[in-house]
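Biologist: Hi! Could you walk me through a structure while I have it open on my screen?
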Amino acid sequence: MPGMNSGLSPSDPTLVAAFRSALLHQGAIALLMLAFLWLLWATARTWRPAAPAAMSRAVTAEPRGRWLLRTGFGVLWIFDGILQAQPRMAGGLATQVIGPIAASSPGWVQHLVNWGGTVWSYHPVQAAAASVWIQVGIGAWLIVAARGPWSRLAGAASVAWGLVVWVFGESFGGIFAPGLSWLTGAPGGVLFYVAAGALIALPEDAWRRPRSGRLLLAGLGVFCAGMAVLQAWPGRGFWQGTVHDRAGHGQAGTLSGMVREMAATPQPRFLSSLLWRFASFATRYAFAVNLVVVIALAALAAAFLAGRPRLVRYAMWSGIVFCLADWVLVQDLGFLGGLGTDPNSMIPLILLFSAGYLALVPEVTGVGEAAGGDMGDAGDAERQGPPRPGMLSRLGNTVAAARARSVAAVGALAVILLGAAPMAAAAANRTADPILALAIAGNSGRLDLPAPGFSLTDQDGRTVSLASLHGKAVLMTFLDPVCTTDCPIIAQEFKQAGRMLGAQAGQVELVAVVANPTYRSTAFTRAFDRQEGLTTVPNWLYLTGSLSQLGEVWRHYGVAVQNLPAGAMSAHNDVAVIIDPAGRIRQEMDADPGPGTSGTQSSFSVLLSQYARQALRQS
């Protein structure tokens, strides 16, 4: 999955600091937006004189099943958003979570997921911060919007974002990969978020009929039956504690292997110890453990499909205990280790079948809040008198008549947009964030020094001096023409930086100086240009000269070149120097390409082009 790997450590201090800074800045913006929205609403209401209190009308309470889904999944979305704010998330999610999940899926799934993972690895800070605010916003929206269109829209938003996460973050929940099991979270925990969102988006009246509960439970019953068959299917390793290959070598069975893998995750010692003990138990009694799982799933399926309230009640409480046991002993709570993104599938599943039971059982129709408290914007409109003539526009009337919950829902939507806008911009931007290059090279302090002059020969045999380049910005580096490691990567970064400059490319010269005492003739520089596709770059100069000429340039620009035996590449430090049109050094940066991934190459190119533009402005 090449595009998904930035090559940087998830704990890289530059990435972590940039991610923290982005969250703080966007958090401040979110608070300002919410404060402005609240102030606008409060101000609009003061312009409307209070009318005599209207007679309060009772309304029916929100159906219990819907309330449970709305608040339960609202809390889960907020919790998931908080998990997304973990320091290692920006640099580690794509490579250590998304990539490994997709690696065992078919090629077309990998190709699709790799596109989404590339967006993350190219823009780790923007993508990670956006995920935080989108999920916190959806959760808050679900909680504050209890009734009406705003509540249904919140459910639809949960469906939309849940599908994005299910496809790109969970590789379709691993349903196309081997080893699929209900025990470990199949078919993807976030798919339950999608189902809950769709149920919340239904008209509220649909929840007042027991038929809705029966349909939800029947769907869960079919799901449990399918998972029971899959769990019981022979040849998948769940019935054996130890599986032997053709050579007779034994390895842990599927279930015990999964538990051992989870036990190795960084977590409290007591929990790790519990998982190791259960893994040993599952290895020794694998057949019995799997038989219990199959029977439990089949029993839940039968009870849910029967749809009898009393039977479903017993199944619900038994299912809660069973799911919690699996959540602890197999899924290891789902969110530990510093890169956990959600509590996996058991808690969402518990919420779903509990909501199904509540919808199935008739409830005593209670009296809810007064009409003005939860009937919609019309309630406040009744309590308020007509606006003062000429003082409020139609928009002002609408704002003033809005309920507090509606205003809070608009605020939650604003938080979602705060994350969605940079996420969309990152997806549309094919170049990587320069933060990747800065994480590798470090920050380059701004300089203002006269650039040492030189007079060398370009790849076509013409004499080129620094003075002859006066009036243009110069991006200069040092390359070995027979290098097969860093130098070709740096050359491509310079080439791509030239493309990024667009119309300004004519004001910038891309200059490389030979960094090899042995292979320094123009024959070698021309061969390097042909190899790297630089012959068609009009502002590319690959300069060489006598050993004394090159040695003087190396010394003046702080490049140490070690003369290795003939037939070998030279050893030298990688450096890039940015010279403004007046001949003064403005930036000097470490040009070591690091891991040399597509993301880091693009990032270095962006950084070089930015430095070139700065040099043009500073001249």
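Biologist: Let's start with Cys224: buried or exposed?
Modeller: Cys224 counts as buried, because its relative accessibility is 3%. Keep in mind that this is a predicted model.
Biologist: Thanks. How many disulfides are there?
Modeller: The count is zero. Cys224 is in no disulfide, and the nearest cysteine sulfur to it belongs to Cys323, 7.7 Å away.
Biologist: Okay, new topic: helix 21. Which of its residues are buried?
Modeller: In helix 21, residues 547-556, the buried ones are Leu550, Val553 and Trp554. They sit on the same side of the helix, because they cover an arc of only 100° around the axis.
Biologist: Why would spacing like that put residues on one side?
Modeller: An α-helix has 3.6 residues a turn, so residues three or four places apart point the same way.
Biologist: Nice. What do the buried residues of helix 21 pack against?
Modeller: They pack against four strands: strand 6 (455-457), strand 8 (473-479), strand 9 (508-514) and strand 11 (561-562).
Biologist: Which exposed residues are on the face turned away from that buried side?
Modeller: Ser548 and Arg555 are the exposed residues carried by that face of helix 21.
Biologist: What follows helix 21?
Modeller: Gly558 comes after helix 21, and its phi is positive, near 70°.
Biologist: Let's switch to Ile143. Where is it?
Modeller: Ile143 is in helix 5, which spans residues 124-144. It counts as partly exposed, because its relative accessibility is 29%.
Biologist: What does Ile143 touch?
Modeller: Leaving out residues up to four places away in sequence, Ile143 touches Arg70, Thr71, Gly74, Val75, Ile78 and Arg405. Also, Leu69 is 74 residues from Ile143 in sequence, and their C-alpha atoms are 9.9 Å apart in space.
Biologist: Last one: which residues form the nonpolar patch on the surface?
Modeller: That patch is formed by Trp108, Leu112, Ile175 and Phe176, which together have about 350 Å² of accessible area. Leu112 lies in helix 4, residues 107-122.
Biologist: What class does Leu112 fall into by relative accessibility?
Modeller: Leu112 counts as partly exposed, because its relative accessibility is 31%. The cut-off for joining a patch is over 30%.

How values were computed
Residues numbered from 1 in each chain as written. Predicted model: local features only at pLDDT ≥ 70, side-chain atom pairs only at ≥ 80, totals over all residues. Heavy atoms only, no water. Patch = residues over 30% accessible without salt bridge, like charges linked within 9 Å, V, L, I, M, F, W, Y side chains within 5 Å. Areas by Shrake-Rupley, 256 points an atom, 1.4 Å probe, with all protein chains shown as cover. Salt bridge = Lys/Arg side-chain N within 4 Å of Asp/Glu carboxyl O. Helix = DSSP H or I, 4+ residues; strand = E, 2+ residues; numbered from the N terminus. Buried < 20%, exposed > 50% of the residue type's maximum accessible area, 1.4 Å probe, protein only. Disulfide = S-S within 2.5 Å. Arc of directions from axis to C-beta. Contact = heavy atoms within 4.5 Å.
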